[in-house]
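I opened this notebook to keep track of what I looked up, entry by entry.

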Amino acid sequence: MKPAAFEYLAPRSVEEAVALLAERGEDAKVIAGGQSLVPMMAFRLATPAALVDLNGVSELDHARVDRDTLVLGATARHRSVQELAGLRERCAMVAEAVGLIGHPPIRNRGTAGGSIAHADPAAEWPALLLALDGEVDAMGPGGRRTIAAADLFRTYFTTALAPDEILTEVRLPLPAGAVGSAFVEVAQRHGDFAVAGAGALMIVADDGSVADARLVLIGVRDTAVRSVAAETILRGASPTDPVLDDATNAIRSEIDPVSDVHGSSAYRRRVAIAVARRAVTLARDRAHAAVA
Amino acid sequence: MTTRLFGERVARSEDRRLLTGRGRYTGDFEPAAAHAAFVRSDFAHARITGIDVAAAQAVPGVLDVFTYADLADGFADRLPLLVPSDKLIAPRTQHALAKDEACYAGEVLAMVVARDRYVAEDALERIVVEYEPLPAAVDLDRAAGPNAPLAHLDMTDNLAGLVTEETGDVDAAFAAAPHVYDWTLRMERSASMPIETRGVVARYDEREDRLLVHDATQAPTGVRFGLAMLFGMDPDRVHVVAPDVGGGFGVKVIQFYPEEVLVPWAARRLGVPVKWIEDRREHFLGSNHERGQIHHVHVGAADDGRILALEDRFLHDTGAYCSYGLILPIITAAQLPGPYDLENYRYELRSIFTNTVPTSPFRGAGRPHAAYVMERVIERVSKELNLDSLDVRRRNFVKEFPHHVGVTFQDGGPTVYDSGDYPKGLATLLEQLDLERTRTEIATARAEGRTVGLGFGAYVEGTGIGPYEGASVSINPDGTVSVATAHGSQGQAHETVFAQVVADELQVPFERVHVTTGDTRRLGFGVGTFASRTAVVAGNAVLLATTEVKRQAAAVAARILEVAPEDVVFADGAIHVAGAPDRSIPLGRLAMASNPTRYAFGADAEEGAKLSQLAYEGGDRPLPEGSHPGLAATEYYSPTSGVFGFGFHAALVEIDLETGHVDILRYVVHHDSGRIINPMVVEGQIHGGVAQGIGGALYERIAYGEEGQMLNATFMDFLMVTAAEMPRIEEVHTETPSPNNPLGIKGVGEAGTIPVSATIANAISDALNTPVDHMPVTPEEVLTLAGKIESP
Ligand SMILES: Cc1cc2nc3c(=O)[nH]c(=O)nc-3n(C[C@H](O)[C@H](O)[C@H](O)COP(=O)(O)OP(=O)(O)OC[C@H]3O[C@@H](n4cnc5c(N)ncnc54)[C@H](O)[C@@H]3O)c2cc1C
């Protein structure tokens with residue numbers, strides 16, 4: 001479990017990083033928190049010839065709430081997001097999701113940008129990006145481009161980012177008003193990747209009906225997924241328990257969990273529905289509390 | 001003033017070192033050594049038709065690459081059979097490097113020694129092994145059945161060993177039993193998983209012809225004698241040190257793992273120190289596992305729940321090899337009856353080879369299975385007969401001691417429970433639990449629609465087996481006391497509890513007693529730290545050695561003080577004349593006086609010299625007949641048989657029927673291991689044991705695919721239980737002294753683990769009102785048992 005030899009490169013700017021990446025070609029990889037890449041290198045599942053380390057690129061290391069948007073530089077640590085004052089009140093779903101990532105040492109080093117670029121279907125950040133209709137900036141030899149969440153995640157561990165592109169910034173719009181949200185997951189042990197997880201957000205209108213609803217699921221197919229079916233049922237409806245039941249049952253057609261050593265597809269389905277129901281219920285109750 | 005530390009919550013003296021990063025582990029020695037790495041079989045079962053190491057040899061920084069062809073003499077033989085038995089039909093142990101057949105994925109095929117581990121792993125990638133894959137026996141049931149794939153090419157079935165024993169007249173008892181049942185119970189494979197993996201560092205000094213090995217082992221003495229034999233060296237030239245060891249739980253006492261032979265061999269052959277520190281992946285694939293068993297029980301019961309007859313036919317998964325012979329299933333069989341008096345009991349055990357990592361004792365060692373089977377039997381019989389299972393337990397208890405179980409114990413003698421008080425133990429548990437209130441709470445919770453259940457588990461733990469352990473105790477000229485025992489500690493608290501015993505006997509301050517463990521340079525003879533035996537066997541040896549040193553000190557003091565040896569008293573680090581505390585000699589000065597030589601330095605040295613002159617003035621020789629210089633003794637303690645601790649656990653669980661999660665609301669432990677030297681240490685042992693028990697009940701299992709590939713060989717996939725999964729443990733104790741040893745103690749190392757699977761299974765069974773006959777129970781299985789999802 002020792003990595004193969006590699007060249008280590010420590011750029012000081014995004015520009016320099018992009019240039020190094022372009023120069024070294026396919027065999028070079030960006031390293032951010034290293035919490036996913038280093039274990040893969042230790043098993044020699046990844047054997048990059050060169051590592052371009054983003055940790056010395058200070059322009060990427062920021063985390064703030066800018067009016068109604070959570071803005072994160074690519075190397076913002078999970079922990080830095082947890083420490084943003086008022087985030088839980090502003091959007092409980094984000095605070096809860098980030099608190100569910102691994103353990104403190106992992107959150108101290110792991111980054112939002114790395115998690116999104118890595119695109120594990122059970123990871124929390126891609127789900128947050130999808131749920132909040134966020135976007136990311138990517139910088140490559142051809143310049144900067146912005147990619148919307150819906151266009152980013154392709155399949156297992158695969159995004160629309162080109163190998164010579166660096167993800168530089170993540171932006172998550174935080175809805176305002178009578179909004180409630182939650183992130184609920186089931187993991188086998190504390191800190192494990194989720195068996196299944198769900199993030200829900202709900203905005204209630206003055207008449208008590210659902211003005212907006214978002215439901216995102218992780219661990220249920222090749223990428224994190226927004227449940228269009230559930231959201232369609234919820235929008236405009238009165239969020240009674242039976243309606244929430246209907247909405248969460250509607251996810252069945254949109255999920256396709258795999259069977260593995262930790263459980264069968266049938267088990268994951270049941271858990272996915274359970275966490276979806278819990279998340280939606282919490283989001284509704286919190287939205288109601290926000291009105292009151 | 002006499003003080004007594006035996007029974008006190010003395011803070012562990014090793015903690016300061018261990019908790020502040022000052023421990024010295026095997027990996028800390030020989031920082032400049034070359035590193036070894038191993039090619040391990042990709043296949044569970046394959047013929048090895050060729051290994052090409054040329055490209056690996058050419059990697060810069062590689063010192064050498066070895067395969068079986070490089071081994072000669074004893075090194076080319078199969079590794080030793082640690083526990084032979086005439087019931088072993090097919091004794092099979094592995095070669096240090098596989099010869100021509102690999103029998104599990106992970107078996108070592110070739111060894112690289114290189115400048116560092118990175119280079120060594122680069123070289124591994126360049127070794128080309130030609131395999132001819134063979135069918136693999138993986139599933140235990142299947143491997144034991146007809147037409148199974150064969151685990152070894154030279155065998156016609158997979159039966160490693162077979163033992164049957166009977167006490168009473170089982171057939172007659174079944175014929176007369178009003179109720180007869182048949183049940184099958186399964187427990188899956190798991191593993192010890194110490195945080196520190198294994199490791200070996202060896203240095204051979206050619207000029208002095210000396211071999212020094214640091215080994216993260218639980219039994220350095222055996223490694224030393226074994227290596228001396230293998231190398232044909234005078235044992236005095238071979239020393240093995242087990243420094244601080246970061247957990248063992250059984251997996252570090254195999255004698256010999258291939259690496260323990262190969263690393264010293266390479267160090268001598270290459271003339272450089274060689275180090276191998278196992279990584280976690282190697283630990284999963286190359287260090288022993290345990291637990292896998294399948295039991296078919298046939299039970300005859302009376303109307304009142306008394307077990308009239310019990311027959312258990314069971315399969316034990318020994319993995320690819322059986323260096324521990326049949327010891328594990330024999331422990332299961334001998335301790336299956338637990339605290340119950342089974343007059344008619346018969347077992348038939350079959351130990352089965354599979355193409356998986358070999359198995360050997362892991363904390364609990366065959367007993368968690370025994371307790372699980374017996375306690376499920378008690379619960380099911382109670383359920384069938386509509387009886388309170390606590391009443392059924394009481395009715396079946398052994399009540400008189402010593403109690404002969406009627407079958408053979410792991411040491412080859414009869415299984416005899418030395419002492420116990422089971423009704424009192426159960427009553428103590430129930431009092432802590434507050435049974436009536438708990439039952440009311442359960443009724444209320446159920447009325448609210450919650451899924452809660454209460455389960456019990458009982459066990460006995462045979463501990464403190466022979467053959468022997470020793471201890472050296474000496475009083476130093478500065479008044480400190482040095483104590484050495486042969487075998488290492490893996491975090492228990494040997495340094496603390498042995499010092500307590502010595503400090504009490506000699507009446508010296510605890511801080512002045514220094515204990516060394518696990519260094520064959522200090523004490524060469526010993527057996528090892530395993531089977532909950534150290535406190536009992538080494539602890540009593542420490543007492544014997546201290547008693548002898550005391551006798552010597554009293555004799556010397558008596559001569560100097562001109563009184564009879566019976567008239568001196570040990571107090572405050574000195575000896576004085578009874579009734580005349582001012583006529584005293586500090587123990588340090590006495591140590592000098594007992595060694596009529598020149599210590600030279602310090603004021604006491606002069607005093608000491610004067611004291612020894614006193615002998616001449618009295619017309620005596622400095623060393624009277626039968627005495628020796630110094631106040632020092634080495635003594636050995638050899639028990640006639642094991643001593644049996646016991647206890648009862650209770651778990652209150654709540655089940656989430658949507659996710660299958662089992663929440664342990666309360667976990668209550670009653671425990672009795674005879675007299676307690678240090679309650680804090682005993683509680684720690686119980687806590688750790690319960691943690692591993694909960695791991696085994698709900699989280700931890702080694703999963704193999706059909707082809708014999710391990711599916712979860714990482715800590716991401718093997719769900720080792722963490723502190724976050726632990727409930728608060730409520731712990732109550734009784735102390736039933738053992739009549740069999742001077743200290744009245746019994747072992748405790750494995751106690752906490754043994755009944756946990758039984759207890760949790762019974763609690764889940766109570767909550768779901770359905771049998772739980774497979775361990776561990778995953779959330780998915782809970783849902784399946786509850787009828788919420790189809791079994792996959
Ligand atoms: C024990 C453990 C438990 C964990 N549990 C969870 C969990 O529950 N949930 C969860 O979401 N995660 C979990 N993780 C993963 C963790 O969150 C990682 O930090 C994260 O997935 C990757 O972020 P990183 O900064 O460490 O990326 P790295 O490991 O440095 O990189 C990961 C990949 O992304 C690429 N990359 C990184 N940054 C960029 C960038 N700016 N632009 C382009 N490519 C980039 C790298 O080249 C690499 O391919 C766990 C990790 C461990 C070790």
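This is a predicted model: local features need pLDDT of at least 70, side-chain atom pairs count only at pLDDT 80 or more; totals for chains, interfaces and linings use all residues.

Sheet in chain A. I looked up an open sheet of 3 strands, whose order is 1-3-2 and whose pairing is parallel. Its edges are strand 1 (7-9) and strand 2 (28-31), each of which pairs on one side only. Neighbouring strands are turned against each other by 25° on average, with direction ignored. Between strand 1 and strand 3 (residues 50-53) of chain A, which run parallel, I find 3 bridges, and Tyr8(A) has Leu51(A) in strand 3 as its bridge partner.

Surface patch. Which residues form the nonpolar patch that I looked up on the surface of chain A? They are Tyr156(A), Phe157(A) and Val258(A), and together they have about 280 Å² of accessible area. Val258(A), in the loop between helix 11 (241-249) and helix 12 (265-291) of chain A, counts as partly exposed at 42% relative accessibility. Phe157(A) sits in the loop between strand 8 (153-155) and strand 9 (158-159) of chain A, and is partly exposed at 45%.

Backbone. Before this entry I reminded myself that most residues other than glycine have a negative phi, and that most peptide bonds are trans. Phe157(A) has a positive phi near 50°. Arg44(A), which is not a glycine, has a positive phi of about 60°; it is found in the loop between helix 2 (37-42) and strand 3 of chain A and is buried, with a relative accessible area of 14%.

In chain B I looked up cis peptide bonds. The bond from Phe401(B) to Pro402(B) is cis, with omega near -5°, and Pro402(B) is placed in the loop between helix 11 (389-396) and strand 16 (403-408). Gly466(B) and Pro467(B) are also joined by a cis bond, with omega about 0°, and Pro467(B) lies in the loop between strand 18 (451-463) and strand 19 (469-475).

Definitions and conventions. Residues are numbered from 1 along each chain as its sequence is written. Chains are lettered from A and ligands numbered from 1 in the order in which they are written. Side-chain values use heavy atoms; hydrogens and water are left out. Two strands pair if DSSP finds at least two bridges between them. Helices (H or I, at least four residues) and strands (E, at least two) are DSSP runs, numbered from the N terminus. Axes are lines fitted to C-alpha atoms, for helices over the stretch in contact, and angles run from 0 to 180 degrees between N-to-C directions. Patches are made of residues with over 30% relative accessible area and no salt bridge: like charges are joined within 9 Å, nonpolar side chains (Val, Leu, Ile, Met, Phe, Trp, Tyr) within 5 Å. Accessible areas come from the Shrake-Rupley method with a 1.4 Å probe; for residues, only the protein chains shown count as cover. A salt bridge is a side-chain nitrogen of Lys or Arg within 4 Å of a carboxyl oxygen of Asp or Glu. Buried means under 20% relative accessible area, exposed over 50%, partly exposed in between (1.4 Å probe, protein chains only).
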